[in-house]
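Take a look at the protein shown below.

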Amino acid sequence: MGLTIGVFPIMGFSTPMNSLGAYLFKLNMAVVLAANFSIGFLKVLLIYPFLRVGEWMWGAEPLTLNLVQLTQQFFNDWVGTLQEFGLSFIHAMMGWTVCAPVLYLVFCLLAKPIIRSVQIAYRVGMDSYQKLN
């Protein structure tokens, strides 16, 4: 869950969403948030594809993004920026919503061998510790 929600395309929303999900599903908050923070680099890379998928779904004109201008505009007038690019945020969220189930499956398939190896290493460590005592 932490990885899938961690790539939510709107900056600043994934941490509260993961925290709420961990609380509601009684998951380990530290593990969920660690997964969320570790996937941050991928979030930035996936914003553009999510935006394009959402634009395609809505039949919207592709947004020409200039990151420098967007950042300057945001810091000069963040309310105006939100009003101007609000529909693009919705497009990106729709793209994420469509892609999230597939991403969840991919993340689960990738994480399963890692979790198993950690479990084995933990058991071996515990066995060695018990033999010493």
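What share of the accessible surface of the protein belongs to carbon and sulfur atoms? The answer is 72%, out of a surface of about 9,500 Å². Keep in mind that this is a predicted model.

Now turn to the build. The protein has six helices and zero strands. Along the sequence, the pattern reads α-α-α-α-α-α. The radius of gyration is 19 Å, well over the 14 Å that the globule rule gives for 133 residues, so the protein is more spread out than a compact globule. Along its principal axes, the C-alpha trace spans about 65 × 30 × 30 Å.

Next, look at how the chain packs. Of the 133 residues, 26% are buried. Take the contacts with a separation of 6 or more: 62% of them join residues 24 or more positions apart.

Charges come next. The protein has 7 positive and 5 negative charges. Their mean positions lie 26 Å apart.

Finally, zoom in on Glu55. This residue sits in helix H4, which covers residues 40–58. Is Glu55 buried or exposed? Its relative accessible area is 3%. Buried means under 20%, so Glu55 counts as buried.

What surrounds Glu55? Set aside its neighbours within four places in sequence. Glu55 is then in contact with Ala60, Glu61, Pro62, Leu63 and His91.

Technical notes: Residues are numbered from 1 along each chain as its sequence is written. This is a predicted model: local features need pLDDT of at least 70, side-chain atom pairs count only at pLDDT 80 or more; totals for chains, interfaces and linings use all residues. Side-chain values use heavy atoms; hydrogens and water are left out. Helices (H or I, at least four residues) and strands (E, at least two) are DSSP runs, numbered from the N terminus. The radius of gyration is taken over C-alpha atoms; the globule rule is 2.2 Å times the number of residues to the power 0.38. Buried means under 20% relative accessible area, exposed over 50%, partly exposed in between (1.4 Å probe, protein chains only). Contact means heavy atoms within 4.5 Å. Accessible areas come from the Shrake-Rupley method with a 1.4 Å probe; for residues, only the protein chains shown count as cover. Lys and Arg count as positive and Asp and Glu as negative; His and the chain ends are not counted. The place of a charge is taken as NZ of Lys, CZ of Arg, CG of Asp or CD of Glu.
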